[in-house]
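The sequence and structure come first, and the description follows.

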Amino acid sequence: MLNVSIYLLNTQDRTAEVIFQENIMDSKIANIPSYTTYNSINYNMTKIGDNLFAGNSVLTKIVIPFTIKSIGVGAFANCLLLEEIEYSGTMEDWAKVVVGIAKQEIILLNVPTVQSTNPAKLFN
């Protein structure tokens, strides 16, 4: 089965934004790739698009690569079961991620340098 993803590519700085993933509303775990390739050129994934996961009623975990620099407005809106974000960068990297959501409290952050079992407020 072929899964379709749609990315906005910036050819000047070779970055990409994920704006659509097929079957995303049926997925309990979402993995954002760190890059995509088009015409033999790699594009670093730097943004999670606006409303990408909005309304996903089954999503419990998302895996975000260290290449992500921003998360779009409403990206996790109404993802009521979302409990965990696994981020491959450091806490310092995470602190620099621009988030387009104000005061959303949802996620447990798993960063390699942090051991935590308590929910954290990431979007405040």
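Two residues are in contact when heavy atoms of theirs lie within 4.5 Å. The structure is a predicted model, in which local features need pLDDT of at least 70 and side-chain atom pairs count only at pLDDT 80 or more, while totals for chains, interfaces and linings use all residues. Residues are numbered from 1 along each chain as its sequence is written, and side-chain values use heavy atoms, with hydrogens and water left out.

**The chain as a whole**

The chain has 10 strands and one helix. Both are DSSP runs numbered from the N terminus, where a helix (H or I) has at least four residues and a strand (E) at least two. Along the sequence the order is β-β-β-β-β-β-β-β-α-β-β.

Of the 124 residues in the chain, 38% are buried. Buried means under 20% relative accessible area and exposed means over 50%, with partly exposed in between, using a 1.4 Å probe and protein chains only. The accessible surface of the chain is about 7400 Å², and carbon and sulfur atoms account for 51% of that surface. Accessible areas come from the Shrake-Rupley method with a 1.4 Å probe; for residues, only the protein chains shown count as cover. Among contacts between residues at least 6 apart in sequence, 46% join residues at least 24 apart.

**Strand β6 and its partners**

Strand β6 covers residues 61-64. K61 and V63 point one way from β6, I62 and I64 point the other way, and all of these residues are buried. Strands β3 (residues 29-31) and β6 run parallel and are joined by three bridges. Strand β6 also runs parallel to β8, with four bridges between them. Two strands pair if DSSP finds at least two bridges between them. K61 takes part on both sides: I29 stands opposite K61, and E84 is the bridge partner of K61 in β8.

**Salt bridges**

Side chains of opposite charge can pair when their charged atoms come close. A salt bridge is a side-chain nitrogen of Lys or Arg within 4 Å of a carboxyl oxygen of Asp or Glu. The structure holds two salt bridges, listed here.

| Salt bridge | Distance, N to O |
|---|---|
| K47 and E17 | 4.0 Å |
| K61 and E86 | 3.0 Å |

In the bridge of K47 with E17, K47 belongs to strand β5 and E17 to strand β2 (residues 15-21), so the pair ties together parts that are 30 residues apart in sequence. K47 is partly exposed, at 24% relative accessible area, whereas E17 is buried, at 16%.

The side chains of K61 and E86 meet in the other pair. This pair links distant parts of the chain, with K61 in strand β6 and E86 in strand β8 (residues 84-87), 25 residues apart. E86 counts as partly exposed because its relative accessibility is 30%.

**Nonpolar core and surface patch**

In soluble globular proteins, nonpolar side chains tend to be buried together. A nonpolar core is a set of buried Ala, Val, Leu, Ile, Met, Phe, Trp, Tyr and Cys residues joined through side-chain atoms within 4.5 Å. The largest one here has 22 residues, and those with the most contacts inside it are I32, I48, F53, I62, I64, I71 and F76. Strands β2, β5, β6 and β8 each supply at least two residues of this core, and β5 gives the most, with three residues. Leaving aside neighbours within four places in sequence, I64 is in contact with I48, I71, I85, E86, Y87, S88 and W94.

On the surface, I6, L8, I19 and F20 form a nonpolar patch with about 330 Å² of accessible area together. Patches are made of residues with over 30% relative accessible area and no salt bridge; like charges are joined within 9 Å, and nonpolar side chains (Val, Leu, Ile, Met, Phe, Trp, Tyr) within 5 Å. Strands β1 (5-10) and β2 each supply at least two residues of the patch. I19 lies in strand β2 and is partly exposed, with a relative accessible area of 34%.

**Two buried loop residues**

L59 lies in the loop between β5 (41-48) and β6. L59 counts as buried because its relative accessibility is 0%. Beyond its neighbours within four places in sequence, L59 is in contact with S27, K28, I29, A30, F53, C79, L81 and L82.

T67 is in the loop between β6 and β7 (70-71). With 9% relative accessibility, T67 is also buried. Again setting aside neighbours within four places in sequence, T67 is in contact with S34, M45 and T46.
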